[in-house]
Amino acid sequence: MNYRLVPALQVDLWRPSSISYVSEGTVTDVHIPQNGSRALLAFLQEANIQYKILIEDLQKTLEKGSNLQTQRNRRSLSGYNYEVYHSLEEIQNWMHHLNKTHSGLIHMFSIGRSYEGRSLFILKLGRRSRLKRAVWIDCGIHAREWIGPAFCQWFVKEALLTYKSDPTMRKMLNHLYFYIMPVFNVDGYHFSWTNDRFWRKTRSRNSRFRCRGVDANRNWKVKWCDEGASMHPCDDTYCGPFPESEPEVKAVANFLRKHRKHIRAYLSFHAYAQMLLYPYSYKYATIPNFSCVESAAYKAVNALQSVYGVRYRYGPASTTLYVSSGSSMDWAYKNGIPYAFAFELRDTGHFGFLLPEMLIKPTCTETMLAVKNITMHLLKKCP
């Protein structure tokens, strides 16, 4: 019915990520071109669908953000500013710098190359010792979700700053290694800085289609390309030509497979929805270690809320968010990592992907508590 009344209106769906999730009663966030707004609003009014304009002029909001970015001196590493968004180049320079200056707690290495040939860097964080269990953390699997990489950097900063003064952090770094991948989808993230702020996918090419990129969170070998994923290369949730077709996904999957014996938790950071999700995502079923995982999530969400009163919903991804196949979280869980979580960070749509820089600090501060909580839960020997 939408297409009959609004014949050629192309919209960029922000939430949910695919049209297949939209049904009666679904709250839907869309980004529409300026010339289409009148037609869409007329249609919504005629169809008696309630709507609210969240961002009046997206271009203006974007320009405001990039003006701030050029005004600041973002280059000095000793005074690295964790309360602004950083380009891929800045993040990688920061990683190199930490590797040189904090060699006691940090070791940086690459697990492969992206489609466009960029290194896939990981920071291994923790006090050196043998046979330690580990936690994997990745951010930025979807390019436009900039708060993700900002959190990964914040986590590393907090670990280094508070290791000596905070007993919880000391315990975490003494007993565990943290493998941190600040930017999973390096090509897409770079493209979201240079070309299209709202790009989501990777940047791989498909010989038969002009559309580029695959949804890196639909490309994993777990119920691949089933419900909640698209087979069409032009869609935002395109699952790719085959599982692990994306070099970024393959590199991470290989690394996790190789270290699966000692990696006890997998945490992936996304935006936006304010949710803490655990498996399954691809089906409505209860995981075997549900009580352990559920109580970790409950405590984490309460810890997060204790800072600014921000409420997160938590639960199995399929019932809390929507069913989606081929996700990294389900894959990690199916491959023997007992604690697998996906965070959907702030907000719930007011700013959407354009979360202002002034909200980086509060978002990361509260999320930090949730992550510390999950980690401590893990150390308490819950199966």
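Me: Where is His 86?
Reply: His 86 sits in the loop between helix H3 (58–71) and helix H4 (88–101). Helices here are DSSP runs of H or I with at least four residues, strands are runs of E with at least two, and both are numbered from the N terminus. This is a predicted model, where local features need pLDDT of at least 70, side-chain atom pairs count only at pLDDT 80 or more, and totals for chains, interfaces and linings use all residues. Residues are numbered from 1 along each chain as its sequence is written, and side-chain values use heavy atoms, with hydrogens and water left out.

Me: Is His 86 buried or exposed?
Reply: His 86 counts as buried, at 1% relative accessibility. Buried means under 20% relative accessible area, exposed means over 50%, and partly exposed is in between, with a 1.4 Å probe and protein chains only.

Me: How far is His 86 from Trp 193?
Reply: In space they are 9.3 Å apart, C-alpha to C-alpha, and in sequence 107 residues apart.

Me: OK, H7 next. Which residues of H7 are buried?
Reply: Val 186, Asp 187, Gly 188, Tyr 189, Phe 191 and Ser 192.

Me: And what do the buried residues of H7 pack against?
Reply: They pack against helix H4, strand E4 (119–125), H5 and H8. Contact means heavy atoms within 4.5 Å.

Me: What comes between H7 and H8?
Reply: A loop, and Lys 223 is found in it. Asp 226 lies in that loop between H7 and H8 too.

Me: What is the phi of Lys 223?
Reply: It is positive, about 55°, although Lys 223 is not a glycine. Lys 223 is partly exposed, with a relative accessible area of 45%. Asp 226 also counts as partly exposed, at 40% relative accessibility.

Me: Switching topic. How do H5 and H6 pack?
Reply: Helix H5 (residues 147–162) and helix H6 (residues 167–175) pack at an angle of about 105°, with axes 9 Å apart. That makes H5 roughly perpendicular to H6. Axes are lines fitted to C-alpha atoms, for helices over the stretch in contact, and angles run from 0 to 180 degrees between N-to-C directions. Angles of 65 to 115 degrees count as roughly perpendicular, under 35 as roughly parallel, over 145 as roughly antiparallel, and the rest as oblique.

Me: Which residues make the contact between H5 and H6?
Reply: From H5 they are Phe 155, Glu 158, Ala 159 and Thr 162, and from H6 they are Met 169, Met 172 and Leu 173.

Me: What does Lys 372 touch?
Reply: Leaving out residues up to four places away in sequence, Lys 372 touches Asp 166, Thr 168 and Met 172. Lys 372 is in helix H12 and counts as buried, at 17% relative accessibility.

Me: Which residues touch the most other members of the largest nonpolar core?
Reply: Leu 125, Trp 136, Ile 137, Phe 155, Phe 178 and Phe 341, in a core of 109 residues. A nonpolar core is a set of buried Ala, Val, Leu, Ile, Met, Phe, Trp, Tyr and Cys residues joined through side-chain atoms within 4.5 Å.

Me: What does Ile 137 touch?
Reply: Among its contacts are Cys 152, Phe 155, Phe 178 and Leu 267, not counting residues up to four places away in sequence.

Me: Last one. Is Ser 281 buried or exposed?
Reply: Ser 281 is buried, with a relative accessible area of 4%. The residues it touches include Ala 317, Tyr 322 and Asp 330, not counting residues up to four places away in sequence.
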